[in-house]
Amino acid sequence: MGSLEYIINGFVRAIELLLAQDPETYSAIGATLWVSTLSMALSLLIGIPLGFLLGHFDFPGKRPLRTTVDTLLAFPTVVIGLLVYAFISRRGPLGDLGLLFTLPGMALGQTILALPIVIALTATAVESLDQRLSATLRSLGASRRQAALTTLWEARYAVMAAAVTAYGRVVSEVGISMMVGGNIKWHTRTITTAIALETGKGEFSLGIALGLVLMILAFLVNLGLGRLKRRLN
């Protein structure tokens with residue numbers, strides 16, 4: 001019973017922290033939203049066009065390129081964090097940009113994490129469409145641009161699912177945020193790094209509070225996707 005009370009008390013304290021707008025808790029929430037929003041905007045802006053090109057067109061080297069993208073889906077986050085750290089550290093080629101231990105630097109790493117997901121799933125979505133669609137559109141007089149946009153529109157639900165999948169990977173990762181951001185309090189500490197740190201320190205209630213926020217964010221993203229699907233029907 002003692003163990004159960006410990007968990008219940010942790011949830012009660014977590015609710016109190018959220019309702020009281022605890023500055024430390026909301027600082028981690030704000031950093032997470034900032035980094036994840038920027039990284040997702042960049043990965044979608046770059047990844048959707050590249051995924052469409054990879055799935056829609058045939059070109060020399062497509063198969064090995066597709067294999068490479070699929071392999072990157074399982075790329076460990078700590079390895080990405082290590083590579084980004086090496087590039088943006090003082091001795092790295094991008095060291096003069098001052099991105100190490102900053103939110104933009106973390107967003108860069110998370111963009112690299114999300115990009116293969118967006119590209120691979122968008123390519124799969126386009127490849128899954130009826131192969132006669134493009135020929136039919138061209139026979140009806142559609143230009144290449146119109147045919148491409150219509151094809152992408154037909155794959156819109158799968159592309160949105162790709163975006164949600166990428167967001168789930170980005171918002172829940174720890175390795176990149178810890179290595180590139182440094183987990184600096186009030187500055188680069190995100191929800192996931194704060195959970196790892198505070199739970200290790202015995203601050204179970206703060207960890208639960210941040211975990212609840214993480215679940216709420218995931219719920220809101222899926223709720224927004226559902227509403228967007230209904231509007232697009």
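Trainee: How many cavities of 30 Å³ or more does the structure hold?
Mentor: In this model, which is predicted, there is one cavity of 30 Å³ or more, and about 60 Å³ of space lies in the largest cavity.

Trainee: Which residues line the largest cavity?
Mentor: The lining is made up of T32, V35, S36, Q110, V170, V171, E173, S177, T190, I191 and T192. Sorted by class, that lining has four nonpolar, six polar and one charged residues.

Trainee: And which helices supply at least two residues of that lining?
Mentor: Those are α2, covering 23-56, α8, covering 156-172, and α10, covering 191-200, and the most comes from α2, which gives three residues.

Trainee: Let me step back a bit. What does the secondary structure come to?
Mentor: The protein has 11 helices and zero strands, and its C-alpha trace spans about 70 × 50 × 25 Å along the principal axes. Of the 233 residues, 42% count as buried. Among the contacts with a separation of 6 or more, 75% are accounted for by residues 24 or more positions apart.

Trainee: Which residues of α8 are buried?
Mentor: The buried residues of α8 are R156, V159, M160, A162, A163, V164, A166, Y167, V170 and V171. Two of these, V170 and V171, also line the largest cavity.

Trainee: What lines the second largest pocket?
Mentor: R156 is one of its lining residues, together with L152, V159, M160, A163, V164, Y167, V221, G224, L225 and L228. The elements giving two or more residues to this lining are α8 and α11, and the largest share, six residues, comes from α8.

Trainee: What volume does that second largest pocket have, and how does its lining split by class?
Mentor: The volume of the second largest pocket is about 170 Å³, and its lining has nine nonpolar, one polar and one charged residues.

Trainee: New topic: how many residues are in the largest nonpolar core?
Mentor: The largest nonpolar core has 28 residues, and those with the most contacts inside it are M40, A166, I191, L210, V213 and L217. At least two residues of this core come from each of α1 (2-19), α2, α5 (103-127), α8, α10 and α11 (204-232), with α11 supplying the largest share, eight residues. In soluble globular proteins, nonpolar side chains tend to be buried together.

Trainee: What is L217 in contact with, leaving aside its neighbours within four places in sequence?
Mentor: With those neighbours left out, L217 is in contact with L33, Y167, V171 and I191. Of these, Y167 and V171 are among the buried residues of α8, while I191 is one of the residues with the most contacts inside the largest nonpolar core.

Trainee: And what lies apart from that core?
Mentor: Another core, of 13 residues, lies apart from it, and its members include V35, I80, A107 and I176. V35 also belongs to the lining of the largest cavity.

Methods
Residues are numbered from 1 along each chain as its sequence is written. This is a predicted model: local features need pLDDT of at least 70, side-chain atom pairs count only at pLDDT 80 or more; totals for chains, interfaces and linings use all residues. Side-chain values use heavy atoms; hydrogens and water are left out. On a 1 Å grid over the protein atoms alone, a cavity is a set of points where a 1.4 Å probe fits but cannot get out, and a pocket is an open set with protein on both sides within 12 Å along at least five of seven lines; lining residues have an atom within 4 Å of a point. Grid points are joined across faces, edges and corners, and a volume is the space filled by probe spheres set on the points. Helices (H or I, at least four residues) and strands (E, at least two) are DSSP runs, numbered from the N terminus. Ala, Val, Leu, Ile, Met, Phe, Trp, Tyr, Cys and Pro count as nonpolar, Asp, Glu, Lys and Arg as charged, and the others, Gly among them, as polar. Buried means under 20% relative accessible area, exposed over 50%, partly exposed in between (1.4 Å probe, protein chains only). A nonpolar core is a set of buried Ala, Val, Leu, Ile, Met, Phe, Trp, Tyr and Cys residues joined through side-chain atoms within 4.5 Å. Contact means heavy atoms within 4.5 Å.
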